[in-house]
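Here is a short briefing to read alongside the coordinates. Have the viewer open and follow along as you go.

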Amino acid sequence: MVKNGSQHIGQLRDGREVYIDGKAVGDVTTHPAFRNSIRSYASLYDFQARPENLEAMTFASPDTGDRVSRIWQLPASYDELVQRREMLEAWSELHYGFMGRSPDHVASCISGMVMGIDVFEQYDTKRAGALRDYYRYARDNDLFLTYVIVNPQANQSKAAHEQEDKYLAVGIVDQDHEGITVRGAKMLATSGIMANEVFCSCIQPLKAGDEMYALSFAIPMNTKGLRILSRKSYEGSATSVFDNPLASRFDENDAVLYFDDVKVPWERIFVAGDTAMCAKQFHATPAHSYQNYQCQVRLMVKLRFLVGIALRITEVNGTNAFPQVREALGQLAAEAAMVEAWVHGMEAKGHMENGFYVPDRSLLYGSQVLTQQLYTKVLGTLRELAGGGMIMLPSSIHDFENPMLASIIEKTQKSPVANAEERVKFFKLAWDAVGSEFASRHNQYEMFYAGATFVTKGHAYRTYDWQKATRLVDNLLGTYALSDEIVRQPVAA
């Protein structure tokens with residue numbers, strides 16, 4: 001039976017240790033800081049479980065024959081990759097691209113690692129077996145995974161082992177025949193409060209002496225000793241769905257995870273103590289490209305949504321016939337189409353790797369470099385189109401409950417295509433997408449979720465076909481020479 005929303009909500013009532021505003025949270029599924037976002041994630045599972053969606057959203061597990069989510073599919077052809085992308089796209093449309101760490105993200109990471117299982121086999125056959133078994137378990141139980149793969153910032157000029165606190169970042173305390181004990185903190189656990197399990201590792205470069213931090217493992221979110229420290233909840237701060245239609249329902253949350261001498265069994269450990277393998281698990285397998293391909297699919301949907309907001313702004317304001325406004329809309333349309341072209345391009349230019357069809361890395365990383373710069377630009381264009389329309393709005397939905405205020409709103413919130421309530425409703429949405437605290441977090445997220453810009457540019461440099469480019473230069477240089485020019489010069493009389 002395919003996992004549905006009520007099953008996922010039930011799984012989150014597991015006694016996990018979550019803290020917000022200085023207090024422990026009992027049941028996260030009913031807490032006002034998380035309950036709506038949890039139900040938004042549950043709606044993804046409900047959507048895939050509908051009989052009419054089963055074929056598009058799920059596939060048969062090779063081991064059990066049961067239908068499981070396509071987020072765990074390992075495409076063996078171009079057509080299968082496209083089929084999986086259509087599933088990711090359908091899910092993204094349910095949250096309008098605002099849930100960046102939805103269940104399909106880390107599932108893509110783990111699936112990509114399994115596509116490169118030979119890299120793990122060369123490292124350690126037991127760790128490879130643990131990864132293979134875990135993938136099957138996560139797939140057949142349709143787990144929602146988050147991950148923490150970044151160390152606390154602290155003093156970034158020093159390596160992990162050089163920090164003042166040896167266990168600032170998650171490191172090995174000891175190990176025995178049962179597994180390892182770990183202590184320390186990790187970031188950012190986006191969607192961790194809503195997830196079943198967490199994949200803990202380190203994507204940042206590790207140096208000699210950092211071996212104790214070279215880890216890769218997965219554990220349930222209710223594991224003893226695992227503490228979850230939530231950031232401020234934008235959902236909890238939302239006045240109403242009408243006032244904050246996005247923040248009130250799609251705040252995936254971020255959290256610091258602190259591992260207080262957590263015991264991890266060997267069957268859940270994929271890398272332990274090897275700094276080179278810690279990097280290889282992402283970059284010598286399709287894992288890093290496969291997970292970030294999912295990000296670009298999601299961003300494609302999100303930009304499509306923002307372009308729709310842009311057009312609606314001009315319609316509500318009655319400016320959509322202005323030539324300069326249409327020029328701005330045309331620019332936005334081109335930018336959104338460019339991201340969509342990248343997604344389709346990295347699929348069409350993909351290749352077979354270990355029996356699996358993998359998106360093209362060069363186009364993927366090229367798209368990430370430019371979309372890191374693009375998102376802020378798109379928001380800026382929406383701000384220009386809206387002017388003061390997103391600011392001069394009623395303070396909250398309660399203003400409509402006061403007859404005197406409601407009459408003033410009716411007079412001042414006019415639009416050629418919408419009544420006052422419709423106009424306020426729309427611009428509240430636009431502000432939540434573009435200018436609210438929730439929107440600001442998303443701007444920061446889209447700029448840095450893939451790493452600092454020098455990191456993504458490094459990936460683009462590493463994966464570009466420089467030989468193909470310089471061959472063109474060399475071919476042209478080979479068509480002429482100085483000696484040829486001397487011979488061609490006319491002889492003086």
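This is a predicted model: local features need pLDDT of at least 70, side-chain atom pairs count only at pLDDT 80 or more; totals for chains, interfaces and linings use all residues.

**Annotated domain**
- An unreviewed UniProt entry carries the annotation "domain: HpaB/PvcC/4-BUDH C-terminal", placed on residues 278-478.

**Cysteines**
- If you are looking for disulfides, the structure has zero.
- For Cys202, the closest cysteine sulfur belongs to Cys278 and sits 5.6 Å away, which is too far for a bond, because a disulfide needs the two sulfur atoms within 2.5 Å.
- Cys295 is likewise in no disulfide, and its nearest cysteine sulfur, in Cys109, is 10 Å away.
- Cys202 has 2% relative accessibility and so counts as buried.
- Cys295, at 1% relative accessibility, also counts as buried.

**Helix α13, from start to end**
- Helix α13 runs over residues 361-386, a total of 26 residues.
- At its start, a side-chain oxygen of Asp360 comes to within 3.3 Å of the backbone nitrogen of Ser362.
- Further along, α13 has a kink of about 35°, centred on Thr371.
- From first C-alpha to last, α13 reaches 37 Å, close to the 38 Å expected at 1.5 Å a residue.
- Just after α13 comes Gly387, with a positive phi of about 60°.

Conventions. Residues are numbered from 1 along each chain as its sequence is written. Side-chain values use heavy atoms; hydrogens and water are left out. UniProt positions are given in the numbering used here, feature names are shortened, and annotations may be inferred rather than shown by experiment. Buried means under 20% relative accessible area, exposed over 50%, partly exposed in between (1.4 Å probe, protein chains only). Helices (H or I, at least four residues) and strands (E, at least two) are DSSP runs, numbered from the N terminus. The expected span of a helix is 1.5 Å times one less than its number of residues. The bend at a residue is the angle between axes fitted to the seven residues ending there and the seven starting there. A polar contact is a pair of N or O atoms within 3.5 Å; within protein, one must be able to donate a hydrogen and the other to accept it, and residues adjacent in sequence count only if both atoms are side-chain atoms.
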